[in-house]
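Visitor: I have a model open and would like to learn how to read it. Where do we begin?

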Amino acid sequence: MGNIQRYTAYHATDKHNVESIISNNFTFNKSDEHWLGNGIYFFIDVALAREWGKKAPTKKFGTIENYAIIEAIIEVDDDYVCDLTMLDDYKFVAQKFSEFCAILSSRSVVLENASYLNLRCAFFNELVRKYNFKCLISNFEDRKNFIDKNLWKTFRKIKTVYIETQICVTDNSCIVSKKQYTEILKGLKYEEKRNNCI
């Protein structure tokens with residue numbers, strides 16, 4: 001067995017789901033377009049969970065009329081973590097993806113016509129099945145709909161990008177605690193938050 005990895009992560013949902021999630025645990029809807037395959041998704045950055053809660057009403061992910069954030073503690077043996085923010089895991093996944101595409105090609109699946117969302121989701125679902133991963137972690141670059149477009153353009157000029165990190169939990173037993181997150185400093189300006197935290 002490996003070392004236990006511990007993450008504090010945040011999930012946005014509609015307020016009417018909070019009591020059920022805390023009492024009974026998370027559930028998820030299967031989709032063929034999830035980023036890292038099917039599972040429960042969390043952000044490492046609470047600000048992104050907040051933004052998702054505000055902007056997520058879509059047919060694909062369900063509507064959120066009045067959002068709340070759940071803070072979860074995730075603990076998982078690192079033998080069962082696939083962390084694409086780490087170079088070794090990234091190289092492993094890249095190799096497995098090449099093999100996956102070769103298998104599809106040998107079965108005459110036309111990859112050019114496949115949606116990259118479907119392809120990515122199918123690949124990660126297969127990776128989880130084959131290696132029994134309970135937790136997948138990845139960075140995603142430049143969520144432009146969460147960042148002011150002018151700010152995004154400015155930072156691109158100096159080769160600085162905002163990287164979001166998401167965790168996909170495929171096994172509920174990894175979620176060892178959960179509670180509704182309360183933003184004590186909500187509404188304060190950034191400088192005031194920093195001063196209050198010092």
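This is a predicted model: local features need pLDDT of at least 70, side-chain atom pairs count only at pLDDT 80 or more; totals for chains, interfaces and linings use all residues.

Visitor: Which residue caps the N-terminal end of H2?

Guide: Residues are numbered from 1 along each chain as its sequence is written, and side-chain values use heavy atoms, leaving out hydrogens and water. Helices (H or I, at least four residues) and strands (E, at least two) are DSSP runs, numbered from the N terminus. Now the cap: Asp 45 holds that end of H2. One of its side-chain oxygens lies 2.8 Å from the backbone nitrogen of Ala 47.

Visitor: Why is H2 largely enclosed by the rest of the structure?

Guide: Buried means under 20% relative accessible area, exposed over 50%, partly exposed in between (1.4 Å probe, protein chains only). H2 spans residues 46–55, and seven of its ten residues are buried, so the rest of the structure largely encloses it. Among them are Leu 48, Arg 50 and Trp 52. Across the protein chain, buried residues make up 37% of 198.

Visitor: Is Asn 25 buried or exposed?

Guide: Asn 25 is buried, at 19% relative accessible area. Find Asn 25 in the loop between helix H1 (18–24) and strand S2 (40–43).

Visitor: Which residues is Asn 25 in contact with, leaving aside neighbours within four places in sequence?

Guide: Contact means heavy atoms within 4.5 Å. For Asn 25, the partners are Ser 20, Asn 172, Ile 175 and Lys 178.

Visitor: How many helices and strands does the protein chain have?

Guide: Six helices and seven strands. From the N terminus, their order is β-α-β-α-β-β-α-α-β-α-β-β-α.

Key:
A polar contact is a pair of N or O atoms within 3.5 Å; within protein, one must be able to donate a hydrogen and the other to accept it, and residues adjacent in sequence count only if both atoms are side-chain atoms.
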